[in-house]
Amino acid sequence: MATERIQSVSLGKTSSSDFQPLVIIQFSTSSKQAAIEWLVAKLQATRASGGAELEVSTVVMHHNQETLLYVGGTTERLLLGADMMDMEKKYGDGNYREFSIHDAHNFLGSEDLDSFLTMAEKQKIILHEIEAVRATEEDPHIPGYENIKLYPGKSIIKKYQSRNILTTVFPIHDDEYLKKLGAEWYQMKHAFKQQPIDRIQYYFGDKIALYFAFLGFYTIALLPPAMIGIIYFVTSWESMYREAIFSVFNLIWATLFLEAWKRYNAELSFRWGTTDIVSSKFEEPRANFYGKIGRNVVTGKPEPVYPKWKRVARFYGVTVPVVAFWLVVAFYVMLGYFYLQALADKKYENDKSWFNMGVLYLPTAIYAIIIGVVNTIYRSVAKKLNDWENHRLQSSYDNHFIIKLILFDFVNCFISLFYVAFYLQDMTLLRSHLAALLITQQVIGQIKEAMVPFIFMRRRKRQVDELLKKTSTVEKVEYYNNEVDDGLQKQVNLETTMDEYEGTLDDYLEMFLQFGYVFLFSSAFPLAAVWALLNNVTEIRSDAFKMCKVFRRPFAETASNIGAWQLAFELISVMAVITNCALIGMNPEVKKLLPTDITPVNTVLIFVLVEHIILAVKFAVAYFIPDTPKWVQVELARVAFKSKQALHKERLDASTAKRLKVQQMMSKDMAKQTSF
């Protein structure tokens, strides 16, 4: 039986043939041996004594004196971690349920417990256990670093990272699977084929798979507005209704796209078993969360406790003023751009030479570059603020960080467009400025995301060839008497030279800004969707190439949707109704349709009414399209019914067993009385 197989797995030392390294911890060359040995001891110590109860093998490379920890876990330890993390696995009835060791034999694939968990799931469990090792009252400082103080409740591995004692923690790639995935994902012969989303989810996890699913879905959704934009560009049809028709179509289409995505998202979540969202009251605190050790009022588990009023005070007392300051900086950068543009325009008017024509577009290019530079600086500030606020949950931390970035990037990237559209009221300038910003940022993005990684990959190959020649000088120091395969060591040497994947935040932000460029001022620049479509077709494959060839493997993360980004895209689509109605209302041809004696106030009221009608249609479309497909609703109801039936059966069996036990006891008592 499966349960017997679990009980037969020993938590003690294993032979070298049983050790499967899954995660690498890389130390800096200056790390002190005492700190390394202390961390190894913590990782190997039992859970009862505050350790992670994992298997560790140490490799010291002579050519650069870097120390690597190869971390793995026994089958029983990993299954226990899956149980403690409430990991969803497919049950015997084909539905996903929270894994339980005591019920392991009823889960699909439990006949081979060593391969029951996927490699990504095992690595996720190991990371969770590593981060869960926290300092106690008996750990005043890191050994070898008396000046680096520890306090109860702080994640030890995060402290090591923040003080640069270790450089990175990353999961090992599965080379064979990655080659097959890359062959059908980023190669150009598959450029117009559907992405292997399920295989991406299996290898990289739900969060990254949802990003690529959204990017692909959004790219396909750009086809209709792009086709109409091309038709508008090649035809000579001029009419006051031209921009109005295109704008209304785009606004309704954006709503249909977002609603259709939610339905597709629901299908993916059901297929991957991530539909059920764990309540924040049960969610464990993030590893970087700090505070005095207390207990969770719901679960009763010990965890750091931090007063909410302190977090609120930090947010309103420091974060809000700092963010406001940077928004003012973005505003003045925009004014500086228009000052330079005015000088360039004046220079071109005085001398219409080819050189001055180039100067004419120089301020816009400079402004696009400055936007990127200021965004980078602000991002660093926003991250420090977010860390300082000390959010308990990872979801809360991510959402606050997203809000900070969206707010600033929206102002930084779009304030100049609003200035041109509604202050200067120059539609020609708006069209050229929008085109310049969109195209410039996409060209810079493609160079940074596609060409630069490709160049670095070629350079890295030459470096790795030299590095592999030195692997014969590798010295192994075995704490667990485990032997690391030479081939695996060569692979890990290569992966240590790869870039770290920073997550989907930048990718979503890029799409968010592009979505704004396409739909906020669609009546001014119909070709925006065409440029966005061309960019995204390349973006999908370049991002896929980087995931497979450039970046280290990221840890898999569970997600049921795209989180706060869904709301961000929906807010942009609502704002697009307001901006496009205002642009159409300012059109002189449209104003001619109104009575000559109409007051400005009544004119505004008319267009506000039109805007509200379009918004009403938009919200009606969103309301009448269910977020979850009917078949998913039926399947979810069926799963809930089966779970309820199983619970009733369990209670009935327990009640029957209890009744039989009582009857047996009564029979024994009657037999005793009869004997007397």
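This is a predicted model: local features need pLDDT of at least 70, side-chain atom pairs count only at pLDDT 80 or more; totals for chains, interfaces and linings use all residues.
**Ground rules.** I number residues from 1 along each chain as its sequence is written, and I use heavy atoms for side-chain values, leaving out hydrogens and water.

**Strand β1.** I took helices (H or I, at least four residues) and strands (E, at least two) as DSSP runs, numbered from the N terminus. I looked up burial next, where buried means under 20% relative accessible area, exposed over 50% and partly exposed in between, with a 1.4 Å probe and protein chains only. Five of the five residues of β1 (residues 23-27) are buried, so I note the strand as largely enclosed by the rest of the structure. V23, I25 and F27 point one way from β1, whereas I24 and Q26 point the other way.

**Partners of β1.** I call two strands paired if DSSP finds at least two bridges between them. With β3 (residues 66-72), β1 pairs in the antiparallel sense over four bridges, and there I find I24 opposite Y70. With β8 (residues 166-171), β1 also pairs in the antiparallel sense, over five bridges, and I25 stands opposite V169.

**Aromatic pairs.** I counted rings of Phe, Tyr and Trp (its six-membered ring) as paired if their centres lie within 6.5 Å, with planes under 30 degrees apart stacked, over 60 edge-to-face and the rest tilted. The count comes to 50 aromatic pairs. I followed up F217 and F257, a stacked pair at 6.1 Å centre to centre with 25° between the planes. F217 lies in helix α8 (residues 206-221) and F257 in helix α10 (residues 241-272), so this pair ties together parts that are 40 residues apart in sequence. F217 is partly exposed at 23% relative accessibility, whereas F257 is buried at 4%.

**Charges over rings.** My criterion was NZ of Lys or CZ of Arg within 6 Å of the ring centre and within 35 degrees of the ring normal. R552 lies over the face of F170, at 5.1 Å from the ring centre, and the charged end of R553 sits over the ring of Y203, 3.8 Å from its centre.

**Annotated spans.** In an unreviewed entry, UniProt lists several stretches as "transmembrane region", including residues 360-381 and 401-422; such annotations may be inferred rather than shown by experiment. Residues 360-381 are 100% helix, with end C-alpha atoms 34 Å apart, and residues 401-422 are 100% helix, with end C-alpha atoms 30 Å apart.
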